[in-house]
Amino acid sequence: MAFHGPAYGMSAEAKAKLDAKRDPAVEAAVLGWLNEMLKDVPGDKVQVLETDLKNGIRLCQLANVIAPGSCKQPKKASMPFIQMENIGNYLDACKNVLGVPDHVLFQTVDLYEAKNMSLVLLHLNYLATTLCRDKGLHHIKNEGPKVDPEGVFSHVSSS
């Protein structure tokens with residue numbers, strides 16, 4: 001991972017905003033879902049998103065569990081360009097085979113350099129809630145906010 005030094009000023013504010021979007025409860029649910037989906041695939045359990053998914057191997061395996069043969073077999077190497085290629089292959093499979101919308105995809109650098117882990121988490125949460133539910137696979141129940149349909153417009157007077 002490249003070291004870009006500490007962030008100052010507006011860069012620090014932007015990083016703080018990105019970090020604040022990361023919900024620990026959602027992250028725990030996504031990690032549990034990942035491990036459940038990958039339980040029959042050889043490999044270690046995913047415990048920390050930044051480190052355990054960085055090489056792209058578990059992501060490629062995940063895509064192949066959701067849709068067999070959708071992602072190229074990942075290469076096992078410690079060289080950065082190979083790891084980034086694995087992540088790229090996973091993202092290609094998500095877009096072209098699984099039909100994940102562009103606004104839910106992340107960039108390779110978001111994961112590999114941990115630039116925007118909240119977007120990576122959003123992406124995985126989409127897979128865990130919407131995509132897998134629609135495909136009839138194990139998924140996280142997304143209950144969303146509770147809204148009273150009668151009370152939504154109660155403050156508006158009819159004239």
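1. In this predicted model, the cover over the buried residues of α4 includes α2, α3 (49-52), α5, α6 and α7. Those buried residues are Ile57, Arg58, Leu59, Cys60, Gln61, Leu62, Ala63, Asn64 and Ile66. Because nine of the ten residues of α4 are buried, this helix is largely enclosed by the rest of the structure.

2. The largest nonpolar core has 39 residues, and the members that touch the most others within it are Trp33, Leu34, Leu62, Tyr90, Val100, Leu124 and Leu127. At least two residues of this core come from each of α2 (24-37), α4 (57-66), α5 (80-98), α6 (108-112) and α7 (117-134), and the greatest contribution is that of α7, which supplies nine residues.

3. Leaving aside residues up to four places away in sequence, Tyr90 touches Leu59, Cys60, Leu62, Ala63, Cys71, Phe106, His123, Leu124 and Leu127.

4. Met79 lies in the loop between α4 and α5, and it counts as partly exposed because its relative accessibility is 40%, a value between the limits of 20% for buried and 50% for exposed.

Key. Residues are numbered from 1 along each chain as its sequence is written. This is a predicted model: local features need pLDDT of at least 70, side-chain atom pairs count only at pLDDT 80 or more; totals for chains, interfaces and linings use all residues. Side-chain values use heavy atoms; hydrogens and water are left out. A nonpolar core is a set of buried Ala, Val, Leu, Ile, Met, Phe, Trp, Tyr and Cys residues joined through side-chain atoms within 4.5 Å. Buried means under 20% relative accessible area, exposed over 50%, partly exposed in between (1.4 Å probe, protein chains only). Helices (H or I, at least four residues) and strands (E, at least two) are DSSP runs, numbered from the N terminus. Contact means heavy atoms within 4.5 Å.
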